[in-house]
Amino acid sequence: MQRSALVVGASGIGGHATARELLAHGWTVYGLARRPPADLPGLIPVPADLMDTERLGEALATAFGGGDNSGPTHVFITTWMRQDSEAENIRVNAVLVRNLLDALSSRKTLRHVALVTGLKHYLGPFEAYASSRTLPDTPLRESQPRLPLDNFYYAQEDEVYAAAARDRFTWTVHRPHTVIGMAVGNAMNLGTTLAVYASICKETGRPFRFPGSRAQWEGLSDVTDARMLAQQLRWAADHDAARNEAFNITNGDYFRWSWLWRRLAAWFGVQAAGFEGETRPLEAEMANDHAVWREIATRHKLVEADLNRLVSPWHTDLDLGRPIEVMTDMANSRRLGFAAWQSTEDSFYDLFAELRARMLIP
């Protein structure tokens, strides 16, 4: 049966990788974003803002036609919009999902919706990270109950569940840890943030200093290669046993930052400085680097001189500053047949090489 995918957030780290994965496996793929990517041959762009219902409807009509029974069979929701408070995160991001699924409802073509959220499902919202009252047991498992906290991931899930009951499609929820992959202008981009930070350290002679907590430096951790996320999304869409399930998704290996940090430093040829008794937030460390980066970009003829388009130190600080080790259990998808695995060290090296090839870092 012909399958057509609408990848929502196609310009982001996870959405871009998902669109590329589906295209490589013969899917018809539509990419919805305010500015859809232009570097994926075969992707059908759907420029739209999910908060503007009128223009969203117009964009979907242009892409799929105006009548019933013409639309995507699968939707992959990989986007969100950061707000100033969790209450606003809930309001805005629930509306994003509701507007999309309401706009597709009358077309009666949807068979499956995949929602990408993350480990804040277990850890709580950003402002709760440092609160010991909300710290869960690890490894994090899908069977763990929701926290007694407001959380926009829960609101997004509830929108999917309600629409699935109404329109009779199946669903999956995918919960990556920190996603490592290629994107520019992304709000949560630890891999590229560390690459740019290391590049600045190399150019200025500063040490490549670990910004996080003792628990993160010494404890076990994992991350999610965007390509792994994309593989799991495609796998779940193709397997009946995966229907109506939530799945953690990481690379499948564990590491300690005390081990990996020195390897990342070696890739760039910079001096590594580990945990030195207190957190040293990267947001403060890079606060005055905008002019430095513009000079580096000019000298090396890089394609992006705006530091804000490349780095998200606030998010990197939240990830690396957690007061507990954070690792993820993958048993739920493993027992159903998802067996992919990815070296985390190679995830970073592959990203660094791509950033350099695209002239985003020197």
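A cut-off first, as I need it below: I call a residue buried if its relative accessible area is under 20%, and exposed if that is over 50%. I also remind myself that this is a predicted model.

**Entry 1: the sheet**

I looked up the strand order. Seven strands make an open sheet, E3-E2-E1-E4-E5-E6-E11, with parallel pairing. At the edges I find strand E3 (44-47) and strand E11 (245-249), each of which pairs on one side only. Neighbouring strands are turned by 20 degrees against each other on average, direction ignored.

Then I checked how E11 is attached. Strand E6 (residues 170-176) runs parallel to E11, and 5 bridges join the two. In this pairing His174 stands opposite Phe247 in E11.

**Entry 2: strand E4 and its partners**

Next I went along E4. It is joined to E1 by 4 bridges, and the two run parallel. On the other pairing, E4 and E5 are also parallel, over 4 bridges. Which residues stand opposite Phe76? I find Val7 opposite Phe76 in E4, and Phe76 in turn opposite Ala114 in E5.

I noted the side chains as well. His74 and Phe76 point one way from E4, Val75 and Ile77 point the other way, and all are buried.

H2 lies across strand E1 (4-8), strand E2 (28-33) and E3, and runs at about 160 degrees to E2. Helix H3 (residues 86-105) also packs on the sheet, where it touches E1, strand E4 (74-77) and strand E5 (112-116). The direction of H3 makes about 170 degrees with that of E4.

**Entry 3: the nonpolar cores**

Which residues have the most contacts inside the largest nonpolar core? My list reads Val196, Phe208, Trp257, Leu264, Trp293 and Phe348, in a core of 40 residues. Helices H6 (190-204), H9 (257-268), H11 (290-300) and H14 (344-357) are the elements that give two or more residues to this core. H6 gives the largest share, 8 residues.

Leaving aside residues up to four places away in sequence, Val196 touches Met286, Trp293, Leu307, Leu310, Val311 and Ile361. There is also a second, separate core of 28 residues, with Leu32, Ala59, Leu60 and Leu100 among them. As background, nonpolar side chains tend to be buried together in soluble globular proteins.

**Entry 4: aromatic rings**

I searched the whole structure for aromatic pairs and got 19. I took a look at Phe210 and Trp217: their ring centres are 4.9 Å apart and their planes stand at 50 degrees, so I log the pair as tilted. Are these two buried or exposed? Phe210 has a relative accessible area of 1%, so it is buried. Trp217 comes out at 10%, so it counts as buried too, given the cut-off of under 20%.

Both rings belong to one aromatic cluster, which also includes Tyr197, Phe208, Trp257, Trp261 and Phe348.

**Entry 5: charges over rings**

Last, I looked for charged ends above rings. The charged end of Arg82 sits over the ring of Trp314, 3.5 Å from its centre. Lys120 lies over the face of Trp80, and there I noted 5.6 Å from the ring centre.

Conventions:
Residues are numbered from 1 along each chain as its sequence is written. This is a predicted model: local features need pLDDT of at least 70, side-chain atom pairs count only at pLDDT 80 or more; totals for chains, interfaces and linings use all residues. Side-chain values use heavy atoms; hydrogens and water are left out. Two strands pair if DSSP finds at least two bridges between them. Axes are lines fitted to C-alpha atoms, for helices over the stretch in contact, and angles run from 0 to 180 degrees between N-to-C directions. Contact means heavy atoms within 4.5 Å. A nonpolar core is a set of buried Ala, Val, Leu, Ile, Met, Phe, Trp, Tyr and Cys residues joined through side-chain atoms within 4.5 Å. Buried means under 20% relative accessible area, exposed over 50%, partly exposed in between (1.4 Å probe, protein chains only). Rings of Phe, Tyr and Trp (its six-membered ring) pair if their centres lie within 6.5 Å; planes under 30 degrees apart count as stacked, over 60 as edge-to-face and the rest as tilted. A charge sits over a ring if NZ of Lys or CZ of Arg is within 6 Å of the ring centre and within 35 degrees of the ring normal.
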